[in-house]
Amino acid sequence: MSTVHPRPGDPEITPDLVAEHGLTPEEYERLVGMLERVPTFTELGIVSALWSEHCSYKHSRNLLRTLPVSAPWVLQGPGENAGVISIGDGLAVAFKIESHNHPSAVEPYQGAATGVGGILRDVFTMGARPIAMLNSLRFGSLDNARVRYLFAGVVKGIGDYGNCVGIPTVAGEIVFDPAYEGNPLVNAMCVGLMHEEDLIRAKAEGVGNPIIAVGARTGRDGIHGASFASEDLSEASDAKRPRVQVGDPFTEKLLLEASLELIKSGHIVAIQDMGAAGLTSSSAEMAERGDAGVTIDVTKVPVRETGMTPYEILLSESQERMLVVAHRGRESEVKEILAKWDLAAEVIGEVIAEPVYRVTEGDTVVAEFPGSRLVTECPRYTPDAREDDDIRVLRERDISAIPELAEEADPAWTLRKLLSSPTIASKAWAYRQYDSTVRTNTMIGPGGDAAVLRIRGTNKAIAVKTDCNGRYTYLDPRNGGRIAVAEAARNVACTGARPMAITNCLNFGNPKRPAVFFQLREAIAGMAEACTALETPVTGGNVSLYNENPQGAVYPTPVVGMVGLIESVEHVTRSTFSTPGDTILVLGETRDELGGSEYLATIHGVVAGQPPLCDPAVERSAIDALLESIAAGAVTSAHDCSDGGLAVALAECCIADRGAQTGADVSIDASASTQARGVLFGESQARFIVSSADPAAVEATARRHRVPVARIGTVTPREAGLTIKAAGRTLRSDIDSLSAAWHDAIPSIMSAPAVALAPHEPEMAGV
Amino acid sequence: MKFGVVTFPGSNCDYDAYRAVVDTFGEQAAYIWHKDHDLQDSDVVILPGGFSYGDYLRPGAIARFSPVMREVIAHANRGGPVLAICNGFQIACEAGLLPGALLRNDSLRFVSSAVNLRVENAATMFSSGYSEGQVITVPIAHGDGRFTADEEVVSELESAGRVVFRYVSPAGDVDPSFNPNGSVNSIAGIINEAGNVLGMMPHPERALDDRLGSSDGRALFESLLAKVEA
């Protein structure tokens with residue numbers, strides 16, 4: 001070990017300074033114990049970043065261990081920049097989802113844009129070329145002008161970044177609920193394609209190998225971004241806007257091409273994004289994975305401005321930077337590749353035999369930690385977990401006692417109301433701002449149940465989707481965790497794809513509150529159950545905690561990003577009806593399950609009741625039956641039945657494809673105890689709406705899988721409108737009014753002004 | 001026949017154009033690096049879509065100074081075909097190969113969508129495979145696609161049949177609600193006076209396969225192949 005001296009001018013380490021760095025007194029004691037001395041200011045900064053919730057997963061790691069992570073097709077599970085699965089033919093898919101919630105809450109455009117940039121880098125550093133982007137977004141009510149500003153800014157940020165880099169944004173989901181008013185959720189997922197042999201891992205290996213900083217120069221932006229993302233938002237958060245980084249997608253595009261060329265060249269051993277906590281976490285994590293020591297000289301790091309301290313250089317989150325470990329002696333080849341793309345590359349350190357993590361400023365050691373303990377010694381917590389009594393009461397409320405509104409006598413009124421609720425309505429206003437067709441692989445783009453991308457050079461395609469219902473998870477976290485997985489699987493299956501694996505992004509409140517930790521624990525347990533039953537292991541992901549503000553926490557929102565495989569492009573199936581005369585069938589059982597439904601929230605303003613129960617084994621059978629029917633060529637269209645229930649799902653089948661709308665004539669038998677509104681708008685799980693020219697084949701297949709199946713009606717021409725008879729009620733509507741309700745809702749809301757002003761900021765009183 | 005696809009830093013449809021030529025038509029293609037001065041004996045040059053130089057300053061404004069543009073302009077002046085798509089159209093306007101300019105969409109938003117185009121002139125080397133008045137479906141994806149030029153230039157383009165494609169309704173009518181970016185006269189694509197440089201915002205290279213939504217772009221490439229091979 002070397003002698004480490006504080007730098008002249010460094011502040012003294014006081015309890016206040018330690019607290020400012022987000023370390024508890026116990027964590028500080030642990031740090032002193034590890035070093036066997038008082039840390040320097042630089043060391044305190046390093047540890048504050050690495051032990052932040054965002055980098056260390058200290059409150060979630062013990063729970064994440066319980067998730068299933070393996071299957072024969074998993075080439076890389078959790079712990080790397082991205083997970084990787086084999087899709088046969090020597091090809092593999094790398095994918096990962098990540099949150100950028102906190103930055104997007106204070107600076108939506110850059111927050112979302114840099115979220116896209118970061119997840120892109122996570123995927124191409126595995127050696128994969130990104131082929132698709134997805135986004136899972138949550139906002140407050142669009143009636144609020146600031147929410148409109150956040151929504152518009154986030155969408156533009158996602159679009160501008162992905163469009164410029166040239167990766168199609170193909171799917172995702174957007175949910176609006178007052179629970180997300182102060183804390184929008186912005187989760188970005190990237191999917192990449194690679195040859196299996198190009199898989200590269202971020203391990204610092206080979207004593208004497210040079211460590212090279214690549215890409216953009218390091219500036220003072222984004223310092224402490226990781227710790228900012230590890231605390232509750234408050235009125236003071238706007239003042240932390242400078243912690244949000246600024247993205248440059250043009251540099252990212254160059255970096256993408258240069259990195260893939262570098263990996264192909266064989267000149268490098270490892271490559272990693274300098275993401276959260278920048279140089280600090282990338283170098284420490286590479287050293288930990290490689291079981292080697294590293295030394296870095298901050299004076300060698302290319303910087304944007306003079307006078308930057310080691311502390312600033314190490315903690316900067318300037319975007320579009322990579323850390324590369326090259327083979328010794330290949331430095332000039334590496335620099336040549338970067339120079340071709342007009343990017344800088346500087347040797348800033350090397351892999352050493354001595355098991356230490358060392359930072360120098362010229363010849364002076366400014367920080368040094370023993371071995372990999374910097375990462376492995378991070379504290380882990382399993383705090384108290386206890387369900388909030390108020391939530392239990394909500395769940396147990398008898399919602400059947402809620403009287404219908406007078407207008408509900410006409411169920412078409414209710415349907416139109418639901419179709420125009422922003423959570424259900426068409427999201428074309430957003431996804432028309434995303435280039436979804438670049439790279440010419442997109443067979444089904446945004447607006448389908450899942451997106452489908454063909455795999456060139458094969459007859460295969462992959463399907464991708466994100467899903468989560470936060471309201472269910474709020475009312476019943478374990479069940480909600482199951483449903484997040486199951487719904488994503490169903491959506492992927494509707495396109496003809498076998499669900500293969502997931503990445504997850506766990507968005508929760510402050511885990512130190514027992515009610516929140518209970519939600520986290522239960523949701524993870526539910527996800528594990530569903531992943532096991534569906535054989536879709538978790539290959540990695542991200543945890544975002546502290547999504548709360550003085551008004552409270554967001555709904556627990558464990559977002560699932562699913563990848564499925566379609567063995568033959570002939571099986572690619574759309575969600576909309578296309579052929580009048582086709583028989584409409586429903587797979588799965590319809591029960592009276594209105595708890596936690598969109599119907600209750602939109603029509604009655606009530607969030608209560610037992611959400612629909614999800615049995616993962618039943619989901620598995622329904623998916624198997626559907627996939628078998630699709631493979632047999634018996635299915636014209638397949639649509640998942642979720643938010644808004646059967647009525648909304650049937651309407652979507654008729655109206656979603658604006659250029660080819662149809663009608664439908666449907667009559668549903670349900671058990672006598674089920675009310676009409678339960679049949680029409682209840683959200684029972686494990687159901688698909690299928691249109692078919694060969695209904696007998698679908699029925700036979702479903703029965704073989706012991707899946708309930710019923711012929712419920714016929715696809716009709718558009719002029720015939722939509723008719724649904726259920727439990728003594730008849731819903732009758734023309735297609736125009738349903739189509740207008742669904743297609744025009746968000747554009748019409750977004751034509752109202754949007755303002756950046758936070759609700760708590762007083763308006764300027766005339767200047 | 002050989003197509004040269006120019007790669008500027010920030011181009012991102014160069015791959016699609018290359019694959020279109022090679023996979024769909026079985027023709028030769030080469031990527032041409034923007035710093036080079038060699039068109040590698042290409043018969044047709046494609047200026048592809050993307051965000052050359054990150055659209056900094058203005059789309060196409062920096063790319064026009066790329067070294068390779070000297071050779072591209074010389075190729076065009078010799079009568080060599082140049083297909084300028086999306087950002088390529090913006091670059092061609094900046095380089096003076098085509099008149100006019102492409103401004104921010106009137107919605108101020110990026111727009112990605114399949115649109116209907118009417119073929120206004122089926123007598124060019126890029127459009128002879130279509131019939132005049134034919135309505136085709138081709139994707140667009142751009143933030144700066146609002147074609148503009150002064151009145152004199154627009155009336156010259158119109159009267160000389162140099163408007164090759166126009167945004168229309170599915171029925172083939174010019175209608176402001178089917179003009180995705182506010183282009184003057186709903187202009188989607190124009191050709192130079194000599195008839196060998198076509199600029200268009202829509203992406204024909206993305207419309208070659210019905211499984212991806214449309215194959216209406218094929219006739220454009222087939223027109224070129226018929227012309228150049230004749």
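Figure 1. A:Leu587 touches A:Ala622, A:Ala625, A:Leu626, A:Arg687, A:Phe688, A:Val690, A:Ala702, A:Val707 and A:Val709, leaving aside residues up to four places away in sequence. Contact means that C-beta atoms, placed from the backbone, lie within 7 Å. The model is predicted: local features need pLDDT of at least 70, side-chain atom pairs count only at pLDDT 80 or more, and totals for chains, interfaces and linings use all residues. Residues are numbered from 1 along each chain as its sequence is written, while chains are lettered from A and ligands numbered from 1 in the order in which they are written. The largest nonpolar core has 245 residues. Those with the most contacts inside this core include A:Leu587, A:Ile462 and A:Val464. Helix 20 of chain A gives the most to this core, with twelve residues. A second, separate core of 68 residues includes B:Ala63, B:Leu198, B:Met200 and B:Leu224. A nonpolar core is a set of buried Ala, Val, Leu, Ile, Met, Phe, Trp, Tyr and Cys residues joined through C-beta atoms within 7 Å. A residue is buried if 20 or more other C-beta atoms lie within 10 Å of its own, exposed if 12 or fewer, and partly exposed in between; C-beta atoms are placed from the backbone.

**Figure 2. An open sheet of six strands in chain A.** The strand order is 14-15-16-21-17-18, and the pairing is mixed. Strand 14 (442–444) and strand 18 (538–544) of chain A are the edges, each pairing on one side only. From one strand to the next, the twist averages 25°. Strand 16 (residues 461–467) and strand 21 (residues 557–566) of chain A run antiparallel, joined by seven bridges. A:Asp467 has A:Val560 of strand 21 of chain A as its bridge partner. Two strands pair if DSSP finds at least two bridges between them.

**Figure 3. Helices 19 and 20 of chain A across the sheet strands.** Helix 19 (residues 477–494) of chain A lies across strand 16, strand 17 (498–507) and strand 21 of chain A. Helix 19 runs at about 30° to strand 21 of chain A. Helix 20 (residues 514–534) of chain A lies across strands 17, 18 and 21 of chain A. Its angle to strand 17 of chain A is about 175°. Axes are lines fitted to C-alpha atoms, for helices over the stretch in contact; angles run from 0 to 180 degrees between N-to-C directions.

**Figure 4. Strand 23 of chain A beside strand 25 of chain A.** The two strands pair in the antiparallel sense over four bridges. A:Asp640 stands opposite A:Phe688 in strand 25 (residues 688–692) of chain A. In strand 23 (residues 637–640) of chain A, A:Ser637 and A:His639 point one way, and A:Ala638 and A:Asp640 the other. All four are buried.

Figure 5. A:Tyr161 is buried because 26 other C-beta atoms lie within 10 Å. A:Tyr161 touches A:Ala113, A:Val116, A:Gly117, A:Gly247 and A:Pro249, not counting residues up to four places away in sequence.

**Figure 6. The contact between chains A and B.** Chain B contributes 21 residues and chain A 23 residues. On the side of chain B that touches chain A, helix 1 (14–25), strand 6 (111–119) and strand 7 (135–142) of chain B each supply at least two residues.

How values were computed
Two residues are in contact if their C-beta atoms, placed from the backbone, lie within 7 Å.
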